[in-house]
Amino acid sequence: PFPTLLWADSTPPVPIRHGAAKNEDTSKTSPFHLDLWFYFTLQNWVLDFGRPIAMIILPLEWFPLNKPSAGDYFHMAYNVITPFLLLKLIERSPKTLPRSMVYVSIITFVMGASIHLVGDSVNHRLIFSGYQHHLSVRENPIIRNLKPETLIDSFELLYYYDEYLGHSMWYIPFFLILFIYFSGCFTPVVDESRMPAAALLLMGPSSLYYWYLVTEGQIFILYIFTFFAMMALVMHQKRKGLVLDSNGLFLFYSFIITLLLIAVWVGWLWNDKTLRKKYPGVIYIPEPWAFYTLHLSNLHTAKEG
């Protein structure tokens with residue numbers, strides 16, 4: 001008595017996946033990316049670690065205080081080259097990774113690094129006027145005497161953009177991209193879980209740079225959560241019979257050595273009362289530039305005198 005509805009095609013529909021994605025293929029492996037890891041480590045040391053050094057070493061007459069310094073141009077180059085290298089690293093992953101998350105992370109990374117460029121440029125130029133990084137903004141002699149006092153609020157806002165907002169928008173996407181790439185560095189082939197000699201040579205400079213990144217950026221919590229996530233992923237994949245390939249081992253061991261370097265750094269400065277006041281709380285990790293302005297800048301000035 002009831003009409004029967006018949007489909008024109010009885011074939012069950014095939015689900016459509018939005019975006020370019022393919023099934024995970026754990027049998028594919030990727031050789032060690034010596035070129036990318038070398039360029040990545042080199043530009044990190046030159047363009048990131050080297051930018052404040054270049055600003056201090058080069059003559060002030062070449063880069064007046066009201067113009068961008070040499071370190072600022074280094075920072076501009078870093079903001080362009082690093083996202084490019086991260087994208088190339090993602091492209092070489094043997095596993096298809098979520099493109100939307102990668103693109104959003106890269107965009108946020110560039111925004112955060114650009115915000116940091118402005119704040120860091122002004123803060124480092126203040127060194128030539130007597131600003132001391134081991135003191136807070138309001139405790140600095142050249143800041144607390146400003147009139148009107150509302151100018152101090154402006155400098156604190158600049159410090160917030162530099163050390164908090166800029167660092168968060170810079171480092172969170174950076175570590176997220178590294179973890180996304182790390183998630184594709186697993187293989188069932190045990191022979192692929194070996195690092196070449198070149199990887200062992202690069203591991204030292206890479207780990208030392210991550211130490212600088214974590215201590216100067218004050219991002220230990222972000223770093224340690226990323227490291228714990230890596231450990232959890234390694235144990236999870238091990239139950240599936242998968243091991244890290246050479247690229248995954250390079251990244252994982254670099255993070256382990258970084259943790260050891262941080263422990264040595266903290267242990268060395270554990271009883272420094274001045275830095276303790278600058279970095280109160282449970283997590284005590286002094287910044288290298290705060291250590292420089294406290295203990296080494298006077299020596300540098302005395303030698304010049």
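Colleague: Which helix does Leu42 lie in?
Modeller: Leu42 lies in helix α1, where helices are DSSP runs of H or I with at least four residues, strands are E runs of at least two, and both are numbered from the N terminus. This is a predicted model, in which local features need pLDDT of at least 70 and side-chain atom pairs count only at pLDDT 80 or more, while totals for chains, interfaces and linings use all residues. Residues are numbered from 1 along each chain as its sequence is written, and side-chain values use heavy atoms, with hydrogens and water left out.

Colleague: Changing topic, which residues touch the most other members of the largest nonpolar core?
Modeller: Those are Trp37, Phe174, Tyr210 and Phe255, in a core of 62 residues. A nonpolar core is a set of buried Ala, Val, Leu, Ile, Met, Phe, Trp, Tyr and Cys residues joined through side-chain atoms within 4.5 Å. This core draws at least three residues from each of domain 1 (32-184) and domain 2 (190-304), the bounds coming from an automatic or database domain assignment.

Colleague: What is Phe255 in contact with?
Modeller: Leaving aside neighbours within four places in sequence, Phe255 is in contact with Phe175, Leu178, Tyr210, Tyr223, Thr226, Phe227 and Met230, where contact means heavy atoms within 4.5 Å.

Colleague: Where is Leu251, and what does Leu251 contact?
Modeller: Leu251 is in helix α8 and is buried, because its relative accessible area is 1%. With neighbours within four places in sequence left aside, Leu251 is in contact with Trp37, Leu178, Phe182, Tyr210 and Met230. From Leu251 to Met230 the C-alpha distance is 9.7 Å, and the two are 21 residues apart in sequence.

Colleague: Now charges: how many salt bridges does a search of the whole structure find?
Modeller: The search finds six, a salt bridge being a side-chain nitrogen of Lys or Arg within 4 Å of a carboxyl oxygen of Asp or Glu. One of them joins Arg92 and Asp35, whose closest N and O atoms are 2.8 Å apart. This pair links distant parts of the chain, with Arg92 in the loop between α2 and α3 and Asp35 in helix α1, 57 residues apart.

Colleague: What about Asp120 and Arg51?
Modeller: Their side chains meet in a salt bridge at 2.5 Å, N to O, and the pair links helix α3, which holds Asp120, to helix α1, which holds Arg51, across 69 residues. Asp120 is buried, with a relative accessible area of 8%, and Arg51 is buried as well, at 7%.

Key: Buried means under 20% relative accessible area, exposed over 50%, partly exposed in between (1.4 Å probe, protein chains only).
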